[in-house]
Amino acid sequence: MCAGWEDADKDVHGPGHGGSRAGIGVDAPNPYLHPMRPSDLLIPAPSGLHCPIVDVHVDPVRPVERALITHAHSDHARAGHGSVLATAETLAIMAARYGEDFCRTRQVAVLGEKVDLGGVTTTFYPAGHVLGSAQIAFEAKGLRIVASGDYKRQADPTCRPFEVVPCDVFISEATFALPVFRHPDPAHEIGKLLNSIALFPERAHLVGAYSLGKAQRVIAMARQAGHRAPIYLHGAMEKVTRLYQAHDIDLGDIRLVRDTPPRDLAGAIVLCPPGAAHELWARKMPDPLSVYASGWMRIRARARQSGAELPLVISDHADWPELQRTIGETGCSELWVTHGQEDALVHWAESAGLKARPLHMVGYGDEEASEESAA
């Protein structure tokens with residue numbers, strides 16, 4: 001792994017930051033002599049959020065020279081960048097998905113540790129979305145902007161919980177930013193799955209779930225609820241799930257469907273990408289019962305469209321009350337909204353007395369949407 005962003009062959013340490021590791025642009029002068037404004041520190045660009053002072057991008061949607069990545073979902077983490085700064089888990093998932101050469105150089109961001117980029121300080125904080133997910137705080141001349149990526153506030157045994165970071169400007173997603181979205185207790189939803197297994201022990205319970213984060217969370221919650229039987233995976237989920245286990249996430253006995261006689265899947269939990277639940281692959285199982293785990297299952301029409309006999313409302317994004325709560329807890333005076341139901345969240349924020357704007361960022365939300373639409 002390469003240690004720095006400027007020079008792959010050496011570490012660069014910034015002065016006065018108590019051991020903080022420096023990345024790109026350490027010697028770059030700060031051209032702004034006036035008080036810092038949000039638009040000086042971060043601006044929306046076609047390639048993604050851009051910090052012009054040090055020329056870095058957050059979750060760029062096209063290859064750039066320097067990228068800071070909030071989490072490893074493919075709509076936020078793409079291959080082909082010159083240098084990437086992200087948490088160790090995010091870097092590991094990107095390498096597993098794209099290959100070890102997914103970027104030219106990489107640097108590990110340690111949660112809570114300041115990184116001096118030269119006139120701008122960045123710090124990564126837990127986002128509670130998936131393994132390794134982070135918010136990124138940008139600070140310069142007393143101004144702090146937090147780019148939260150995707151996040152949730154519900155408990156999740158597979159990743160560190162969201163941490164509120166006080167800031168002047170908060171940049172939020174808005175995937176479920178409508179009053180109708182109020183996610184239930186995920187333990188209750190897992191209870192529905194386990195009750196169905198008890199009622200129909202002769203049927204394989206085929207759970208369509210997003211391959212990175214959602215599938216592993218369903219497994220971990222089933223274990224927390226006392227389910228000790230083997231849980232089976234579609235082959236497409238193996239690599240990421242094994243990586244979760246390698247990061248000390250206890251998922252119990254995990255096996256592959258391809259190595260298992262179909263008769264052994266009766267009464268078992270079988271996880272697969274949502275689209276795979278309707279393939280010939282699934283028809284070989286004993287009377288499969290279709291289950292779908294997604295925040296979109298809160299909408300009855302979406303649940304019917306998915307064809308799920310047992311829809312489970314389990315989301316890895318904040319719901320409407322959690323979005324409101326989080327924005328309030330940051331103490332921000334200004335809100336920027338990246339993707340999702342932007343107008344609804346902006347309208348609410350303005351009615352609450354905040355300055356707010358939609359960024360109309362293109363390219364986010366694509367990976368999960370593609371898996372769900374395939375169902």
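Colleague: Which strands does helix α8 lie across, and at about what angle does α8 run to β13?

Modeller: This is a predicted model, where local features need pLDDT of at least 70, side-chain atom pairs count only at pLDDT 80 or more, and totals for chains, interfaces and linings use all residues. Residues are numbered from 1 along each chain as its sequence is written, and side-chain values use heavy atoms, leaving out hydrogens and water. Helices (H or I, at least four residues) and strands (E, at least two) are DSSP runs numbered from the N terminus. Axes are lines fitted to C-alpha atoms, for helices over the stretch in contact (heavy atoms within 4.5 Å), and angles run from 0 to 180 degrees between N-to-C directions. Here α8 (residues 320–330) lies across β13 and β20, at about 170° to β13. Helix α9 (residues 342–351) packs on the sheet too, touching β13, β20 and β21, and makes about 165° with β20.

Colleague: In what order do the seven strands of the open sheet run?

Modeller: Strands pair if DSSP finds at least two bridges between them. The order is β9-β10-β11-β12-β13-β20-β21, with mixed pairing. β9 (114–116) and β21 (355–358) each have a single partner strand, so one side of each lacks a neighbour in the sheet. β13 and β20 pair in the parallel sense over five bridges, with F170 opposite L335 in β20.

Colleague: How many residues are in the largest nonpolar core?

Modeller: Nonpolar side chains tend to be buried together in soluble globular proteins. A core means buried Ala, Val, Leu, Ile, Met, Phe, Trp, Tyr and Cys residues joined through side-chain atoms within 4.5 Å; buried is under 20% relative accessible area (1.4 Å probe, protein chains only). The largest has 48 residues, with V84 and I269 among those with the most contacts inside it.

Technical notes
Buried means under 20% relative accessible area, exposed over 50%, partly exposed in between (1.4 Å probe, protein chains only).
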